[in-house]
Amino acid sequence: MTRKNDSHPLEALTWLVNGTLDEEERRRVEAHLAECERCRREYRFLKALRQSVKTHWEEDSPGELGWARLQRRIQDEESSLSEHRWRRVGVAAAVMVIVLQAGVIGYLVQRAPGETAYQPLGSIEEPVLQVRFREDATEGQLRRLLLEAEVEVVGGPGGLGIYRVRPLHSRPGALARARGVLANSPLVEEVQGP
Amino acid sequence: MVNPMEDLETRRLVIDIGQGSESALRALYDSHSSSIYRFALSRLSDSAEAADVVNDVFYEVWRSAAKRFRGDSKVSTWLLSIANHKVMDRLRRRGREPARVDGEAVDTALDRMVAENISDEPPGESAVAAAQDADRIRHCLKMLSPALRQAVYLAFFEDRSYGEIAIILECPEGTVKTRIFHARRRLRECLDAMGQGQE
């Protein structure tokens, strides 16, 4: 086996050829090259290699077509986000109108005929249903649905557009009936609860 | 190498993109898409996938990356490191572990060679002459593994320092040097053989 010669800075030649050696290292390597034919041959090879790579590396960029494709992707994403935002705003606005017109910011609990108690949003202990309405549902449609299901909105929307609703009455089976009406409605995407 | 003034202007583009300027995105695309395309192609060997990487890189720059650019590297280095992530994602989806490439396997062989004091023979004059031939260069570059070809692209086409290449490829500087060593050796052997009419 041939003995390795530690004094040849072969590793550094690549970085000398591409111009990225620091000043001190460059001077050291160039001083060596002045006295070493073996490394000069390697240097010539690497210079020729670099020149060829720069001249002959096949390049075919996406160009104008690639830019058009990127623009479409950006526009499609922004259209989709915008439509989603407006739909969510529409449903939220419709539900808020219904809640305000019902005259409640908290919710009305009927413990017994004539007896009522108000509780603020967020502190409800009674069973509630979690409902996600379709984004294109109108105020009129939601109002009719809530009346049919005999429920009222007591919270929401959360980050996923989920509202919390509870039956207007505490009669036995009211929650199950409300759940059934909501689950069967085409305006409801999802309903969960006890 | 990137002109320092050019990089200042390019940084300005990134800031403008972060503020929603599509014309700045276009300018950055025009100046850097080819570099990213070649980089991706050198590793993926598929022009459609390389074009997808270009699209993904600039889309990410537009959506969020521009706001996250800290300015602690050149813009071009930053873009290529994003491109490297996209390339690695695609290699994983292909079911190919990025770590299992010829470059890494040969690193172990190199360690053995160093331990055994085997020298790196100088290139013959025929190799030097063959290095100037377009067809031979293209042929021998294709013979390299993707990882080595990618290292050659960054060192000899992009003129990156080994430090920058290590940042782009997220590997140790020693690995960069090892890949260049092996790429250089294989190219020399291939060109030497072609120069002597053996390939």
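Trainee: In what order do the elements of chain A run from the N terminus on?

Mentor: This is a predicted model, in which local features need pLDDT of at least 70 and side-chain atom pairs count only at pLDDT 80 or more, while totals for chains, interfaces and linings use all residues. Residues are numbered from 1 along each chain as its sequence is written, and chains are lettered from A and ligands numbered from 1 in the order in which they are written. The secondary structure of chain A comes to six helices and six strands, where helices (H or I, at least four residues) and strands (E, at least two) are DSSP runs numbered from the N terminus. Read from the N terminus on, the elements of chain A are α-α-α-α-β-β-β-α-β-β-α-β.

Trainee: What percentage of the residues in chain B is buried?

Mentor: A residue is buried if 20 or more other C-beta atoms, placed from the backbone, lie within 10 Å of its own, exposed if 12 or fewer do, and partly exposed in between. Buried residues make up 25% of the 194 residues in chain A. In chain B, which has 199 residues, the buried part is 44%.

Trainee: Which residue with a positive phi follows helix α5 of chain A, and which face of the helix comes before it?

Mentor: In α5(A), which spans residues 139-149, the buried residues are A:L142, A:L145, A:L146 and A:A149. Seen down the axis of α5(A), these buried residues fall within an arc of 100° (the arc of the directions from the helix axis to the C-beta atoms), so they line one face of the helix. On the other side of α5(A), A:G140, A:L147 and A:E148 are exposed. The residue that follows α5(A), with a positive phi near 55°, is A:E150.

Trainee: Why does B:E164 count as buried?

Mentor: B:E164 is placed in helix α9 of chain B, residues 162-169, a helix that is mostly covered, with six of its eight residues buried. Those buried residues of α9(B) are B:Y162, B:E164, B:I165, B:I167, B:I168 and B:L169. The C-alpha atom of B:E164 is separated by 9.1 Å from that of B:L154, ten residues apart along the chain. B:E164 counts as buried because its C-beta neighbours inside 10 Å number 24.

Trainee: Which residues does B:I36 touch, not counting residues up to four places away in sequence?

Mentor: Two residues are in contact if their C-beta atoms, placed from the backbone, lie within 7 Å. With residues up to four places away in sequence left out, B:I36 touches B:V53, B:V54, B:V57, B:L79, B:L80 and B:A83.

Trainee: How are α2(B) and α8(B) oriented to each other, roughly parallel or roughly antiparallel?

Mentor: Axes are lines fitted to C-alpha atoms, for helices over the stretch in contact, and angles run from 0 to 180 degrees between N-to-C directions. Angles under 35 degrees count as roughly parallel, over 145 as roughly antiparallel, 65 to 115 as roughly perpendicular and the rest as oblique. The axes of α2(B) and α8(B) come within 7 Å and cross at roughly 155°. The two helices are therefore roughly antiparallel.

Trainee: Which element gives the most residues to the side of chain A that touches chain B?

Mentor: The contact between the chains takes 36 residues from chain A and 41 residues from chain B. On the side of chain A, α1 (10-17), α3 and α4 (63-101) each supply at least two residues. With twelve residues, the element that gives the most is α3(A).
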